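Here is a short note for someone opening this structure for the first time. Please keep the sequence and the 3D view side by side while reading the points.

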Amino acid sequence: MTADPPRQIPAHCVDLLSERRHAHALVIPVINEGGRIRAQLARVAAASLPVDVIVADGGSTDGSLDLPYLQEQGVRALLTKTGPGKLSAQLRMAYAWCLDEGYEGIVTIDGNGKDNVEAAAQFVTKLREGYDYVQGSRYARGGKAENTPLERTIGNRLIHAPILSLAGRRWFTDTTNGFRAYSRRYLVDPRVQPFREVFSAYELLFYLTARAGQLGYRVCEIGVRRSYPVGEAVPTKITGAGGKWGIIKQLLSAASGRLNPQ
């Protein structure tokens with residue numbers, strides 16, 4: 001019998017605010033999103049979604065995640081990363097915790113307020129129908145792209161999505177969209193091994209898109225709305241030529257198989 005591969009999880013602390021109530025978790029990675037994450041959590045609470053909300057904090061210092069407010073909005077747990085790494089490290093931390101808590105599937109949504117949180121219920125429905133990877137797309141039927149910067153549209157439609165679609169042997173239209181869902185069986189498959197330190201920045205999102213199709217898992221897209229604010233700075237952590245080139249390198253690493261377990 002082959003032992004499960006060891007998991008590499010960044011150091012973190014957990015503030016548990018309530019007991020588990022649902023079979024699926026909604027993981028929201030965030031760092032210093034201020035009023036955007038507060039407004040988003042209020043919308044999640046108002047939507048009465050069939051998920052437990054898990055906030056995966058990368059080390060916010062803006063006071064937006066104080067525990068009384070999170071508890072008021074029905075958040076089940078705040079996980080705060082204290083070890084190294086960026087977004088992928090936050091996701092490794094949160095996904096491992098959710099699996100240990102027994103969740104059957106995980107929905108992920110960015111914490112910058114650009115997405116229609118109500119669509120999380122549709123992701124859960126798809127997981128219950130037997131899908132293992134569900135990608136949200138502003139370009140799929142029922143989706144909507146509002147005020148998307150032109151360079152984002154070009155990069156996504158002409159570079160990012162075609163490359164990951166070819167690598168994963170499944171057609172996707174919006175692979176930069178962080179609104180997506182994974183089944184438990186996909187994340188625990190020893191051929192996937194998402195809990196490795198090689199995943200630090202955005203690599204894990206790109207890798208899980210390609211790997212699902214390669215392994216023959218059931219995948220699909222659903223339409224979601226992604227709205228960029230008008231007259232404000234674009235809410236993003238990807239800035240400058242260096243940040244954009246880093247995304248391309250991570251994309252190529254995921255598409256080429258260099259991140260697959262050896």
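1. **A charge over a ring.** Start at Arg38, which lies over the face of Tyr69, 4.1 Å from the ring centre. Keep in mind that the model is a predicted one. A second case involves Arg20 and Tyr103. The charged end of Arg20 sits over the Tyr103 ring, and the distance to the ring centre is 5.0 Å.

2. **Strand β4.** Is strand β4 enclosed or open? Strand β4 covers residues 75-81, and seven of its seven residues are buried, so the rest of the structure largely encloses it. Buried here stands for a relative accessible area under 20%.

3. **Neighbours of β4.** Two strands pair with β4. Strand β1 (residues 12-16) pairs with β4 in the antiparallel sense, over five bridges. Strand β3 (residues 52-57) runs parallel to β4, and five bridges join them. Leu78 is the bridge partner of Asp15. Leu78 is also the bridge partner of Val55. From β3 the chain passes through helix α2 (residues 67-72) to reach β4, and this β-α-β crossover is right-handed.

4. **Thr80.** Stay in strand β4, where Thr80 lies. Thr80 has a relative accessible area of 15%, so it counts as buried. Which residues does Thr80 touch, leaving out those up to four places away in sequence? They are Ala11, His12, Cys13, Asp57 and Met93.

5. **Arg76 and Glu101.** The side chains of Arg76 and Glu101 meet in a salt bridge, 2.9 Å from N to O. Arg76 is in strand β4 and Glu101 is in the loop between α3 and β5 (105-108), so the pair ties together parts 25 residues apart in sequence. Arg76 is buried, at 3% relative accessible area, whereas Glu101 is partly exposed, at 30%.

6. **Other salt bridges.** How many salt bridges does the structure hold? There are 11. One of them joins the side chains of Asp100 and Arg7, at 2.9 Å from N to O. Asp100 belongs to helix α3 and Arg7 to the segment before β1, so this pair ties together parts 93 residues apart in sequence. Asp100 is exposed, with 54% relative accessibility. Arg7 is partly exposed, with a relative accessible area of 40%.

7. **Glu33 and Arg36.** Here too the side chains meet in a salt bridge, with Glu33 and Arg36 at 3.0 Å from N to O. Is Glu33 buried or exposed? Its relative accessibility is 9%, so Glu33 counts as buried. Arg36 is partly exposed, at 37%.

8. **Aromatic pairs.** The structure holds seven aromatic pairs. One of them is Tyr95 with Tyr182, an edge-to-face pair. The centres are 5.7 Å apart and the planes make an angle of 65 degrees. This pair links distant parts of the chain: Tyr95 sits in helix α3 (residues 87-100) and Tyr182 in strand β8 (residues 180-183), 87 residues apart. Tyr95 is buried, with a relative accessible area of 0%. Tyr182 counts as buried as well, at 0% relative accessibility.

9. **A tilted pair.** Why does the pair of Tyr186 and Tyr217 count as tilted? The ring centres are 5.0 Å apart and the planes stand at 55 degrees, so the pair is tilted. This pair also links distant parts of the chain, 31 residues apart. Tyr186 is in helix α6 (residues 184-188), and Tyr217 is in the loop between α7 (203-214) and β9 (219-223). Tyr186 is buried, with a relative accessible area of 0%. Tyr217 is buried too, at 12% relative accessibility.

10. **The ring cluster.** Which residues do ring pairs link into a cluster? They are Tyr95, Tyr133, Phe172, Tyr182, Tyr186 and Tyr217.

How values were computed
Residues are numbered from 1 along each chain as its sequence is written. This is a predicted model: local features need pLDDT of at least 70, side-chain atom pairs count only at pLDDT 80 or more; totals for chains, interfaces and linings use all residues. Side-chain values use heavy atoms; hydrogens and water are left out. Buried means under 20% relative accessible area, exposed over 50%, partly exposed in between (1.4 Å probe, protein chains only). Helices (H or I, at least four residues) and strands (E, at least two) are DSSP runs, numbered from the N terminus. Two strands pair if DSSP finds at least two bridges between them. A crossover is right-handed if, with the strands pointing away from the viewer, the path from the first strand over the helix to the second runs clockwise. Rings of Phe, Tyr and Trp (its six-membered ring) pair if their centres lie within 6.5 Å; planes under 30 degrees apart count as stacked, over 60 as edge-to-face and the rest as tilted. A charge sits over a ring if NZ of Lys or CZ of Arg is within 6 Å of the ring centre and within 35 degrees of the ring normal. Contact means heavy atoms within 4.5 Å. A salt bridge is a side-chain nitrogen of Lys or Arg within 4 Å of a carboxyl oxygen of Asp or Glu.
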